[in-house]
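Colleague: I would like a close look at a single part of this model. Please keep it brisk and tie the part to its surroundings.

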Amino acid sequence: MKCCRFVVVALMSLLITLASVEAAGECGRMPINQAAASLSPCLPATKNPRGKVPPVCCAKVGALIRTNPRCLCAVMLSPLAKKAGINPGIAIGVPKRCNIRNRPAGKRCGRYIVP
């Protein structure tokens with residue numbers, strides 16, 4: 001009986017550990033697709049380096065940089081972004097085009113460096 005209890009406790013511990021590891025991705029507990037969807041107002045600005053960045057996009061990007069800057073990079077390099085036609089070389093400049101002061105300037109995002 002003690003052996004069964006030990007096995008049950010061990011399995012429960014393993015499941016809890018796996019669930020917490022899975023939940024702690026680049027975007028924390030928010031799935032990357034949800035984070036990407038929240039940045040949909042930025043889509044036109046990620047395709048044209050001279051295009052105007054909508055204020056709602058700047059607000060979303062600024063909020064994401066404040067809460068989880070690594071998530072922004074993960075979204076830009078995600079398969080979903082590629083499928084949406086986002087150019088990471090242009091998208092990496094959106095925080096600067098929004099005049100976000102606390103952007104992670106000089107940090108790497110894949111092969112790109114945040115301006």
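Which residues of helix 3 are buried?

Modeller: First, the ground rules. This is a predicted model, where local features need pLDDT of at least 70, side-chain atom pairs count only at pLDDT 80 or more, and totals for chains, interfaces and linings use all residues. Residues are numbered from 1 along each chain as its sequence is written, and side-chain values use heavy atoms, with hydrogens and water left out.

Now the helix. The buried residues of helix 3 are C57, C58, V61, G62, L64 and I65. They cover an arc of only 165 degrees around the axis, which puts them on the same side of helix 3. The arc is taken from the directions between the helix axis and the C-beta atoms. Buried means under 20% relative accessible area, exposed means over 50%, and partly exposed is in between, with a 1.4 Å probe and protein chains only. An α-helix has 3.6 residues a turn, so residues three or four places apart point the same way. On the other side of helix 3, P55, R66 and T67 are exposed.

The length of the helix checks out too. Helix 3 has 13 residues, 55-67, and should span 18 Å at 1.5 Å a residue; its end C-alpha atoms are 18 Å apart, which agrees. The expected span is 1.5 Å times one less than the number of residues. Helices (H or I, at least four residues) and strands (E, at least two) are DSSP runs, numbered from the N terminus.

What lies over the buried side? The cover includes helix 4 (69-76) and helix 7 (94-97). V61 also belongs to the largest nonpolar core, which has 27 residues. Such a core is a set of buried Ala, Val, Leu, Ile, Met, Phe, Trp, Tyr and Cys residues joined through side-chain atoms within 4.5 Å. L39, V53, V61, L72, V75 and V94 touch the most other members. Helix 2 (32-38), helix 3 and helix 4 each supply at least two residues of this core. In soluble globular proteins, nonpolar side chains tend to be buried together.

Leaving aside neighbours within four places in sequence, V53 is in contact (heavy atoms within 4.5 Å) with A45, C58, V94, R97 and C98. C58 is one of the buried residues of helix 3.

N68 sits between helix 3 and helix 4. N68 counts as buried, at 17% relative accessibility. Not counting residues up to four places away in sequence, N68 touches E26, C27 and G28.

The side chains of E26 and R70 meet in a salt bridge at 3.9 Å, N to O. E26 lies in the loop between helix 1 (2-23) and helix 2, and R70 in helix 4, so the pair ties together parts that are 44 residues apart in sequence. The structure holds one salt bridge, meaning a side-chain nitrogen of Lys or Arg within 4 Å of a carboxyl oxygen of Asp or Glu. E26 counts as partly exposed at 41% relative accessibility, and R70 as exposed at 55%.

Last, the whole chain. There are seven helices and two strands, in the order α-α-α-α-α-α-α-β-β from the N terminus on. Of its 115 residues, 31% count as buried. Among contacts with a separation of 6 or more, 60% come from residues 24 or more positions apart.
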